[in-house]
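Me: I'd like to learn how to read contacts and interfaces in a model like this one. Can we go through it feature by feature?

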Amino acid sequence: MGKASGPYLYDLDGNEYIDYLLSYVALMLGHGHPEVIHAIQAQMKGSGTFLFGTPHQLELEMGKKIMELYPSIEMIRYTNSGTEATLLALRMAYAYIGKYKIAKFEGHYHGGYDQVLLSVNPSLAEAGPVHEPAAVIESKGVDPYHQEHTIILPFNDLEAVSDILIKRKDEIAAVMMEPVQGGFIPAEQSFMDGLRKITEELGILLIFDEVKTGFRLGLGGAQSVYNIKPDITKLGKVVGGGFPVGILGGKKERLMVSAPSASSDVFDSSQSKNSSAKDVLFHSGTYNGHPTILAAGLATIQVLEQKMEHVLSTTTQLKNGIKKLFEERGIGMHTIGLGAIFNVVITEQERIRNYRDFQQLNFPMRKELDFSLLTQGIYTKPMNRYSMSTVHGEKEIHRTLEAYEYVLSKII
Ligand code: PMP
């Protein structure tokens, strides 16, 4: 691609595409939104710098906004990406609980860190039993040590999850999850309620990775939709307004262990150091809480506060339109997802509840559909989700449904 504007991408030959990938859900105001451009320029010109290297006003403003929208969050720390928020969440869980293993769900992604780069998209040959999945390494170079320290859970299967957690409660510090798997397979409410209850009973922390669901299921993310208070929340993507960011939030008492006032840390070389570095939870980063990025994020949230209803209603319109076109042709499919993300899953199955169900989809037809739609100016990464923005409107939906109709008539 060479250029982008609002809901459109333009390739180097000048072809126009309606963008439904939106940088893997990040761009919820579309490309180059004027309010975000204005906020970035104003921040740079107004402050005269790109970076303070000290606390600053925008950190506070964003913190207050996050706490207003996410009641489970009493304090936050900034990172540069969702992956970094995962690193911090793991360290925090280990520090707080004093155990050094994590449980994650099969099919859930938490960034490119070794300990969670397991069983994200395993082959069924390696994935192990449905009710007690194996930990499958997803990249060259991941130390097999992590297979021993990451326990894989089956999503939306409370009985099996409870059995595993009870059996291994003395090893597990936290359960980390995407409340909506891959951004489009929702947890069932009874599953979520049960998981919250059992983790509390067993003294295991519950970590919501809301890097995709934050702001997209509603301004308050999945936790507001499910009415669940996780112990730790991770945010990213939308909250950076198109720039790299991660946020970790949770209870004040847990986050204070990382506060500069908590104790001396690894950088404190004063002679009078009278506490051990083991008393602090180290977290630091040159660019954490970057002012320009927080300005972009705050501007994004401000626009979303005005336009969320519009995004949710255009999402419903598009989902219904696509569903109808498949129904007219007698092909089984669902547009699954909550809020402003969904996926087109072609299947005769009634429900898609987890990774194993997902493996049964008609991938060849979906792939053909995606590549044919590309030739008609509809862009999503083949097999990926659809994300919506404030600038996708009637015109784009109409064009998309026309393209779908044309393509379906060719491939079926
Ligand atoms: N968690 C989830 C749920 C994600 O979707 C992603 C990114 N796709 C990450 C973590 C990692 O975020 P980043 O790419 O910013 O490191």
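Me: Which ligand atom does a polar side-chain atom of Asp-209 lie 2.7 Å from?

Reply: A nitrogen atom of the ligand. A polar contact is a pair of N or O atoms within 3.5 Å; within protein, one must be able to donate a hydrogen and the other to accept it, and residues adjacent in sequence count only if both atoms are side-chain atoms. Before we go on: this is a predicted model, where local features need pLDDT of at least 70 and side-chain atom pairs count only at pLDDT 80 or more, while totals for chains, interfaces and linings use all residues. Residues are numbered from 1 along each chain as its sequence is written, and side-chain values use heavy atoms, with hydrogens and water left out.

Me: What lies 2.8 Å from an oxygen atom of the ligand?

Reply: That's a polar side-chain atom of Lys-212. The residues around the ligand (a heavy atom within 4 Å) include Ser-81, Thr-83, Tyr-109, His-110 and Glu-178.

Me: Which domains does the chain have?

Reply: Domain bounds come from an automatic or database domain assignment. Here domain 1 covers 3–33 + 307–411, and domain 2 covers 34–299. Their C-alpha centres are 28 Å apart.

Me: How many salt bridges does the rule find across the interface of domain 1 and domain 2?

Reply: The rule wants a side-chain nitrogen of Lys or Arg within 4 Å of a carboxyl oxygen of Asp or Glu. It finds three across the interface, and 20 in the structure. Take Glu-106 and Arg-356, whose side chains meet at 2.8 Å, N to O. Glu-106 sits in the loop between β5 (101–105) and α4 (145–149) and Arg-356 in helix α10, so the pair ties together parts 250 residues apart in sequence. Those elements are DSSP runs numbered from the N terminus: helices are H or I, at least four residues, and strands are E, at least two.
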